[in-house]
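User: Can you take me through the charged pairs in this one? I'd like to know where they sit.
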Amino acid sequence: MSTYGTLFRVTTYGESHCPSVGAIIDGCPPGLQLSPTDIQVQLSRRRPGQSNLTTPRDEKDLVHIQSGIEHGYTLGTPIALLVRNEDQRPKDYSETDLYPRPSHADYTYLEKYGIKASSGGGRSSARETIGRVAAGAIAERYLKLAHGIEIVAFVSSVGKINIPSSVGGRAVSHDEDNDEVEDALTPEFRELLKTVTRETVDKHPTRCPHAETADRMTKRIIRAKEAHDSIGGTITCVIRNVPPGLGEPVFDKFEATLAHAMLSIPATKAFEIGSGFRGTEVPGSQHNDKFIRRPDGRLGTRTNWSGGVQGGITNGEDIYFRIGFKSPATISQAQATAQYDGTAGSLAARGRHDPCVVPRAVPIVEGMASLVIMDQLLIQNARVHAVSHLPPTVGLPPSMAMPKVLKAGSSAPVPGQAAADEARLGEEVQSSGS
Ligand SMILES: Cc1cc2nc3c(=O)[nH]c(=O)nc-3n(C[C@H](O)[C@H](O)[C@H](O)COP(=O)(O)O)c2cc1C
C-alpha cells in the first residue's frame, strides 16, 4: 500500500509522468517550527541532474506546501506536500509498449493490476520517493529539536569498490580457523559512524566520505555509463542519540520495521543491521556487547555489534545499518529478451536513467529512517504517558524492576510518575503559598 506508519502516517502519491508527486502526512505534532527550506534541502539532495553521475532528467523538485503549516508552525492537521513533474518525455519509453524492461517492474505491475501507467516506471519510479523524502524531512526536524537525533547516510560501496577498513570500512577475515577476531567494526569504522556529517558526505558527488575511494567510485560509475550499462552499491546509515525503548516486539521489532522501511525503497536488495552477516562469523564471547555504566548513570555497552537494538528495542547506542542497491534495470545496451507476447527480440532502452542509484538514494535512506524513528517514538511516548498516570507498582520482586541505583532510559514507562509529579507540584504550590 502507499501509506507508512501508525501514528505518524505518510501517504505518498504520484507516478513518473503524471502532473505532480507528493505526500500527505497525518499525525505530525502541532507547534513544530518548520520552513519550506527544511524540506527543500533534502529534496535537492535527492533530485535528478545533480552531476554527471546521475540521470540528466532536469527536475528542480521544488516543494509546494498545500496545508497543515501556517506562519512557520505545524497545525497538527494533515500536511499536504506537492512537487511538480516538469521534465517529462513519455515518448522516450515507446519501445516498452512492446517489451517489459528486464528486472524492472513493468511485467509484474501489469500482471498484478492488469493495467499500468502508459510510460516510464509509473508508480515504481523513484519519483515516488519524493514524498518519502519530504515527509522524512519533517519527521527529522521534530527528532532533531525534541531529542537531538542525528541521521547521516553515506555511500559505502559502488560495485566492488568499498571504503577500505583501514579508513572506516568493514574488516573482512579469510582465516576460517582463527576465532581471534580483529574487530569487524574497526576503530576507524566506529569513529566514522561517530563523526560523519552530511557536509563531509556531500563534498563528493558520489556521497562517499572517503575522498580517495570516492574518486575510484566515480570512475566506476562513468565506466558503466559509457558502456551503456549500470552498477549497484551500498549505503551505510547511522542514527545517533536515539532514546532507549523504541520498537514494538514481537512483530514490529525495531530492526524489523527498519528493514521493512528500507526494503520498500526501489532497487533495494539487501539489509543488515549492526554486525550483520559478519556477526555470524564471530564467537559469542567476542560478539556480546558487555555492559558498562555510562556517565549519565544509564547502562551502556562497551562495543556495539548489536547496532543499537536488542530484543527489537533500541538500547540507546548508535543505530547503524547497511542497504544493498542493485544495478538499475534500465540500460541502453541491447539486451536479448522477450516481448510481452513472448516473441524473442532485443531491447535497447531509451530515456534518461541513473547509471548508479546510490548517490541519490542517500537522502531517501535518511528520510525513511526518520519516518521509522518518528513513528516508533510517538508510539512509545503514548505508552509512557499512559503508564505514568497509574499508581506506583508495589510489592514487586526485585527481578521485575530496574534497580533504583541505575536510572532507567529516558523513555521507559515509570508507573506512578504522573501521580508523583502531581503530588510534588501540589507540595510546591502549597509551600509557595499561592
Ligand atoms: C534514487 C533512485 C533512482 C533510480 N533510477 C532508476 C533509473 O534511472 N532507471 C531504472 O531502471 N531504475 C531506477 N531506479 C530503480 C527502480 O525504481 C526500481 O528498480 C524499479 O522500480 C524496480 O523495482 P525493484 O528494483 O525495487 O524491484 C532508481 C531507484 C532509486 C532509489
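This is a predicted model: local features need pLDDT of at least 70, side-chain atom pairs count only at pLDDT 80 or more; totals for chains, interfaces and linings use all residues.

User: What does R46 pair with?
Analyst: R46 pairs with D61, and their closest N and O atoms are 3.4 Å apart.

User: Is R46 buried or exposed?
Analyst: R46 is buried, at a relative accessible area of 0%. D61 is buried too, at 1%.

User: Switching to R294. Which residue is its partner?
Analyst: That is E317, with 3.7 Å between the closest N and O atoms. R294 is in the loop between strand 12 (291-293) and strand 13 (299-301), while E317 is in the loop between strand 15 (313-314) and strand 16 (319-325). The two are 23 residues apart, and the pair links distant parts of the chain.

User: Why does R294 count as partly exposed?
Analyst: Because its relative accessibility is 23%, and buried means under 20%. E317, at 14%, counts as buried.

User: And D354, what does that bridge to?
Analyst: D354 forms a salt bridge with R360, the closest N and O atoms being 2.8 Å apart. Both D354 and R360 are buried.

User: Which residues are linked in a network?
Analyst: Salt bridges link R45, E140, R198, D202, R207 and E366 in a network.

Conventions: Residues are numbered from 1 along each chain as its sequence is written. Side-chain values use heavy atoms; hydrogens and water are left out. A salt bridge is a side-chain nitrogen of Lys or Arg within 4 Å of a carboxyl oxygen of Asp or Glu. Buried means under 20% relative accessible area, exposed over 50%, partly exposed in between (1.4 Å probe, protein chains only). Helices (H or I, at least four residues) and strands (E, at least two) are DSSP runs, numbered from the N terminus.
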